[in-house]
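Good morning, and thank you for coming. I ask you to look first at the sequence and the model on the screen, and then to follow me through them.

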Amino acid sequence: MGYLRNRLLQAVITLYSIITLGFVFIRMMPGSPSAYLRAEIQQNPGAYGLPPNPTLEQINDVMQTQMNYTPGPIWEKYISYMQGAVQGDFGTSVIVDPGASNVQLILEAAPWTIFISSAGLVYGLVAGIVLGSLMAYYEGSKMDVGLTVSMLAASSVPYYIVAILLLFLFSYNLEWFPTGGRFNTNTTPGFNYPFIAGVFNHAALPILSGITIGFGGNALSLRANSIRLLGEEHIRNAELRGLSTYTISTRYLARNAILPMYTGIVLGLAGLIGGSIILEEIFVYRGMGKLMYDATVQRDFPLMTTSLIFTTVIFVAGTLIADFTYSLIDPRAEQSSMG
Amino acid sequence: MGTGESPAEKDDESPFRSQSDYDATAMDIYEVVFGRWVVAPLRVLWSDYRGRFGLLLVTFYVLVGTVGVVVIPEPSVDPINRLLSPLEQPDLRYLLGSDGVGRGLLPLMAHATPKMLKMMLAGAIFGNTLGVVVGLVSGYTGGNTDKILMTVTDVVASIPALPLLLILAAIIEPRNPYLIGVILTVQAWAGLARGIRAQVLPLRNVEYVEASRTMGQSTSTVLMKQVLPDLLPLVTLRFMSTARSVIFASVGLYFLGLLPYTSANWGVVLNSAYENSNILASFENAHWLLVPALTIAMLTFGLTLLAQAFDQVFNPRVRARHEARKADVEEDIDETDIEEGGVSQLGFQQ
C-alpha cells in the first residue's frame, strides 16, 4: 500500500500548499479592491447599512469589517486563516456579494458547472471513442485521413470560439436555443417537466462547446492506441484462436486502448471546470466560472482565491479517485505498485 | 605476430594513426551541420502533407508579424467606412472588411500579430526551459533532490491553469508581451518536467551515459551532450503545444477583458463583435466575428499540424527512409562530381 499512502500524502501537501498560496494571494492584492469597495459604499450606502451621505469614519468602520481587517502580526493572521480553512471557513466575499460566505457562494454555483462540465466530458469521451475506433478500423483510408484532419482542426480551434460561433448560429440567427441563463424564468424551479426541459435547453450550447474541448484529442489518442495494439502478438493470437471479430474488438482491443485515457479523464474534467470561466461568461450561465469571472473583474480577491482552492480540491480529489480505482480496471497496475 | 616489423611501420598501418587525406574547412562543417539540423528536418516536414501545410501557415503568420506590419497601415477609426464587408472597397485596409467603428479588420489582425508572436515565443521558451531543467535535474540526480522537485511539480500541476492565471493577471496586471507569455506558462512547465523525468530515468544507466560519467565528464556536460539529444522529440512537441496553449489562454483572457491592453488583440476584436448583439443577430456582419475567429484558429491549426509532422522528423524509421533516399541521390551526384574534384561530404560524416 506504499503507493497509495504516498499519493495521499502528496494530496495533503498539495492542499496545504494551495491554501497557503491563497493566503499569499490575498495579502498580495493591490490597493484596487479597497478603492473599489470605498467607491461602492459611497455610491450605495444603504446596502452596507449606512445612512445616505455617510461620514468618512462610518465608511472606514464598514470597510474594516468588510475587509476582514484583524490587527496583529502576519503569522497570527496566517494561523487564524489556517484555522478557518481547516473548519471550511474561507472568509466572506468583499464585493461580489458583500458579507456572504465564500464557500456558500461557490457551493450554490458549483452544481450547475459540474452539470455542464461532466455532461461535456461524457459526450466528448463517447464521441472520441466512437470516432477514434472508426479511424483505427479504416486506417489509411480516405475516411481516416479526412477524419484525422478534421479532428486535428477540432482540437486546435479554441473552445470559446466554437461557443461564440454556436451562439451566433443557433441562438441569434436560428433561435433554436436561448442566448443565456440557466433555466426558463417563467417556470417554477422544481421537479416538473417545463423546468427540467428549460434547464436542458439552456445547457445544450454550453455542453456542446464543452465537448469540443476534449473530443478531438480523445479521438486521436484512441486511434493511436488502437493502431499500436493492432500490431501486437496477443491480438494475432486471438485471431488464430478463431475468436469472433466482436470479441476481439471489444475485449482485446477496446479495453486496452481506452485504458491509457482513464487517468486523462480527470485532467479533462479539470480543464472543463477551468474553461467554464470563459464558457459561462459567453453564455451568461451563472455557475462557478461566472462567479470566478465576476470576482476577478471586481477584484474580490478572497472570493477568487477561494474559487481557486475549491477547483484545486476537485482536481486533487478526482486524481486520487482515479489513482485508487485504476487498479480495479487494470489488475497489472496493482501488481506493479505492490511489488 | 609480426615480430620482424619495425614499430614505425606498424604505426602507419594502424587505423588509429591514419590521417584523413583532406582537412574539413569551417565552411564544410557548417554545411554538414546545417544539412543535418535544418535541411534534413525541413525536407522530412515538407514531404508530409501536414508538415507542409503547417509550415506554410506558421511562416505566413511570421511574415505578417514582421513584413506585414510595415506594409499594412495601422488601424484607424473611420466613421464613414463602418461595417464594410470583405472586398467591398478596393483598399488594402478594408480587404477583410471593417468593424463597428470603421477600423479595417486586416490592419487590426496584422498589427496584433507581433505581440502575439512575442508572447508565444517567450511563453514557449520559458515554460520549456523550466520544464527541461527541472525534469533533467530531478531524473538524473535522484534522491532527495528528486523527491523535493517532484513534490513541487505535482503541486504546481494540480492547480487548475485558468483560475490561477486569472488571479496572477489581476495581481500583476502585465502589459509587456514577454511578461504575459511567461505568466501564461507559469503552470505549464510542470507537465513537461514529469515527462522529461520519466524519459531521463532509464537513460541514466544507459552504457554511453555511464561511459561519459566514468570518463569524468561533468554532470552538465553529460546532461547536455548525452541525455538532452534523446529528449529533443518531446521538447519540440511541447514547444509547439506550449505556444498553442499561450494563444488559447491569452486570447481567452483578452476576450474576457482580464488582461490590460494598449493595442488591439485578436481576443479584443472578438469581444467587441460579441458585445454587439445586433451584429450577432444577422449573417450580414458575420465577418466581424469570423475574421478574428479564423485568424486564431488558423495559427493554432498550423502549430498542431507542425507538431504532428515533427513526430515524423524524430521517428527514426521515417528518418532512415529519408536518409536512404538522400544517400541514393548523393551517390549519383558523387559519381559525376568526383572527376571534377567535387567535395564529398562522406569524408567526415562519422
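In what order do the elements of chain B run from the N terminus on? They run α-α-α-α-α-α-α-α-α-α-α-α-α-α. Counted up, the secondary structure of chain B comes to 14 helices and zero strands. Here helices (H or I, at least four residues) and strands (E, at least two) are DSSP runs, numbered from the N terminus.

A word on conventions. This is a predicted model, in which local features need pLDDT of at least 70 and side-chain atom pairs count only at pLDDT 80 or more, while totals for chains, interfaces and linings use all residues. Residues are numbered from 1 along each chain as its sequence is written, and chains are lettered from A and ligands numbered from 1 in the order in which they are written.

Let us stay with chain B. It has 350 residues, of which 39% count as buried. A residue is buried if 20 or more other C-beta atoms lie within 10 Å of its own, exposed if 12 or fewer, and partly exposed in between, with C-beta atoms placed from the backbone. Among contacts in chain B between residues at least 6 apart in sequence, 71% join residues at least 24 apart. Two residues are in contact if their C-beta atoms, placed from the backbone, lie within 7 Å.

I now turn to a pair of helices in chain B. Two packed helices are described by the angle between their axes and the distance between the axes. The axes of helix 3 (residues 49-71) and helix 4 (residues 105-141) of chain B come within 8 Å and cross at roughly 120 degrees. These axes are lines fitted to C-alpha atoms, for helices over the stretch in contact, and angles run from 0 to 180 degrees between N-to-C directions. Helix 3 of chain B and helix 4 of chain B are therefore oblique to each other. The scheme counts angles under 35 degrees as roughly parallel, over 145 as roughly antiparallel, 65 to 115 as roughly perpendicular and the rest as oblique.

Which residues meet in this pair? From helix 3 of chain B come Y61(B), V62(B), V64(B), G65(B), G68(B) and V69(B), and they meet A110(B), H111(B), T113(B), P114(B) and L117(B) in helix 4 of chain B. By class, this contact of helix 3 with helix 4 of chain B has seven nonpolar, four polar and no charged residues. For these classes, Ala, Val, Leu, Ile, Met, Phe, Trp, Tyr, Cys and Pro count as nonpolar, Asp, Glu, Lys and Arg as charged, and the others, Gly among them, as polar.

Phi of E173(B) is near 50 degrees, a positive value in a residue other than glycine. E173(B) is found in the loop between helix 6 (161-172) and helix 7 (177-184) of chain B. With 12 C-beta neighbours inside 10 Å, E173(B) counts as exposed.

Next comes chain A. There are 14 helices and zero strands in chain A, and 37% of its 339 residues count as buried. Chain A is divided into domain 1 (2-86) and domain 2 (102-338), with bounds that come from an automatic or database domain assignment. Between them, 15 residues of domain 1 of chain A are in contact with 15 residues of domain 2 of chain A. On the domain 1 side, helix 1 of chain A gives the most, with eleven residues. That side has eleven nonpolar, three polar and one charged residues.

The axes of helix 9 (residues 233-240) and helix 10 (residues 245-258) of chain A come within 11 Å and cross at roughly 155 degrees. That makes helix 9 of chain A roughly antiparallel to helix 10 of chain A. H234(A), I235(A), A238(A) and E239(A) in helix 9 of chain A meet I248(A), Y252(A) and L253(A) in helix 10 of chain A.

Finally, how many residues does each chain bring to the contact between chains A and B? Chain A brings 43 residues and chain B brings 34 residues. The largest share of the chain A side, nine residues, comes from helix 13 of chain A. By class, the side of chain A that touches chain B has 27 nonpolar, 14 polar and two charged residues. Thank you for your attention.
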